[in-house]
Amino acid sequence: MKIGVIGGGQLGRMLALAGTPLGQRFAFLDPAPDACAQALGEHIRADYSDRDHLRQLADDVDVVTFEFESVPAETVAFLSQFVPVYPNAESLRIARDRWFEKSLFQQLDIPTPEFADIQNQENLDAAVKRIGLPAVLKTRTLGYDGKGQKVLRHPEEVPGAFAELGSVPCILEGFVPFTGEVSLIGVRNRDGETRFYPLVHNSHDQGVLRLSVVSTAHPLQGLAEEYVIKVMQQLDYVGVMAFEFFEVDGGLKANEIAPRVHNSGHWTIEGSECSQFENHLRAIAGLPLGSTAKVGESAMLNFIGEVPPVHEVTSIADCHLHHYGKAFKAGRKVGHATLRCADAVVLQAQIKAVQNLIG
Ligand code: AMP
């Protein structure tokens, strides 16, 4: 089977690393000349709206998926005429726009921060009156890794805030005084079967994920699964979905979903029976799902800007290096390390060892 992937970054690369042993082959459509997934499959170097090349991809593969959610809606609609695309266009439409996403949570009775649609500064002034401060102003689309958002703490920060984010459609969210951030990675196949990995605790710095630690028997696991199943069923979702939550007052508030394999699920490569990447491919290829059971205590640390010397990373026991083969650049995710060991205390020591290399 040949899989077409829109986007050729590290997520595409790790999909191909998981699918190759299943006998799958890969083609990546990505305009970047140095797309790092090209080491593992065919690279169609074209713009995401280039219909000739999209048609070429559709004719050449059995199924199409994508590795980022800002794929233009027209691209998915066009491809869907010729080849199955998973997750479907509706899932993408919802997940790429924070207003649609939060409205869906509300419709499904999934707790989420208070929110308001902001089309201009007047909307913002009115929403601040209703929701109060602090609050978070976010662009409805194209925001990621904390980009396209601004925390408003004081009344004097409100005038001009809409223009500061580029005068584009936004939402205002109430600021959640969370005690932690967790994500649930789930997968649903074409027959509607679902499986879930254990909840993961995530730590961010300036909006970018730095560390994920896998939980054991988290008391909110069942509740999180309930929420994700609701969304998956509503969207008739096929593939891996990541669902990010705030932990607050002993419960969960939904932050956002990603309709794809996710950075907080990278630990599953070594830390679970069947990784998020393999399960995504199994789901979209119509195969039975693999076990999501964890096989030890695991954590994942991102390498941002540069990968420490390979010799030093591989000198740490229980440490698995993933170097994405991308040019080093400040702020760019260029690799990660997964730690997997039998003992949670040892795991903490190994996390410190990797953090010392990052500095
Ligand atoms: P996001 O891009 O929505 O995931 O936001 C990036 C990070 O900003 C989150 O991981 C949180 O740490 C923080 N954040 C986002 N929205 C809120 C909110 N409504 N209240 C408090 N913190 C937030």
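## Basis of the description

The model is predicted, and local features need pLDDT of at least 70, side-chain atom pairs count only at pLDDT 80 or more, while totals for chains, interfaces and linings use all residues. Residues are numbered from 1 along each chain as its sequence is written, and side-chain values use heavy atoms, with hydrogens and water left out.

Helices (H or I, at least four residues) and strands (E, at least two) are DSSP runs, numbered from the N terminus.

## The parallel sheet

Strands of a sheet pair through backbone hydrogen bonds, either parallel or antiparallel. Here two strands are said to pair if DSSP finds at least two bridges between them. An open sheet with parallel pairing is formed by 4 strands in the order β3-β2-β1-β4. Its edge strands, each of which pairs on one side only, are β3 (42–44) and β4. From one strand to the next the twist averages 25°.

Within this sheet, β1 and β2 (residues 25–29) pair in the parallel sense over 5 bridges, and V5 has F28 in β2 as its bridge partner. Helix α1 (residues 10–19) packs on the sheet, where α1 touches β1 and β2 and has a direction that makes about 170° with that of β2. Helix α2 lies across β1, β2, β3 and β4, and runs at about 150° to β3.

On another side of β1, 4 bridges join β1 to β4, and these two strands run parallel; I6 stands opposite F66 in β4. Buried means under 20% relative accessible area, exposed over 50%, and partly exposed in between (1.4 Å probe, protein chains only).

## Helix α3 and its surroundings

Which residues of helix α3 (residues 73–80) are buried? They are T75, V76, F78 and L79. Seen down the axis of α3, these buried residues fall within an arc of 165°, so they line one face of the helix; the arc is that of the directions from the helix axis to the C-beta atoms. The elements that cover the buried residues of α3 include β1 (2–6), α2 (51–60), β4 (63–66) and α4 (89–95).

## Where α1 meets α10

Two packed helices are described by the angle between their axes and the distance between the axes. The axes of α1 and α10 (residues 276–284) come within 8 Å and cross at roughly 75°. That makes α1 roughly perpendicular to α10, on a scale where angles under 35 degrees count as roughly parallel, over 145 as roughly antiparallel, 65 to 115 as roughly perpendicular and the rest as oblique.

At this contact, L11, M14, L15, A18 and G19 in α1 meet F277, E278, H280 and L281 in α10. The residues of the contact divide into 6 nonpolar, 2 polar and 1 charged, where Ala, Val, Leu, Ile, Met, Phe, Trp, Tyr, Cys and Pro count as nonpolar, Asp, Glu, Lys and Arg as charged, and the others, Gly among them, as polar.

## The antiparallel sheet and I118

An open sheet of 4 strands has antiparallel pairing and the order β5-β8-β6-β7. Its edge strands are β5 (115–118) and β7 (149–152), each of which pairs on one side only, and the twist averages 20° from one strand to the next. Strands β5 and β8 (residues 170–174) pair in the antiparallel sense over 4 bridges, and C170 in β8 is the bridge partner of I118. Helix α5 (residues 98–107) packs on the sheet and touches β5, β6 (135–139), β7 and β8, with a direction that makes about 150° with that of β5. Helix α6 (residues 121–131) also packs on the sheet, touching β5, β6, β7 and β8, and its direction makes about 170° with that of β5.

Not counting residues up to four places away in sequence, I118 touches residues including N123, L124, A127, L137 and F162.

## Strand β13 and its partners

In strand β13 (residues 239–248), 10 of the 10 residues are buried, so β13 is largely enclosed by the rest of the structure. Strand β9 (residues 180–188) is joined to β13 by 9 bridges, and the two run antiparallel; V240 in β13 is the bridge partner of V187. With strand β14 (residues 251–258), β13 pairs in the antiparallel sense over 7 bridges. In the hairpin of β13 and β14, which has 2 residues between the strands, D249 takes a positive phi near 50°.

Methods. Contact means heavy atoms within 4.5 Å. Axes are lines fitted to C-alpha atoms, for helices over the stretch in contact, and angles run from 0 to 180 degrees between N-to-C directions.
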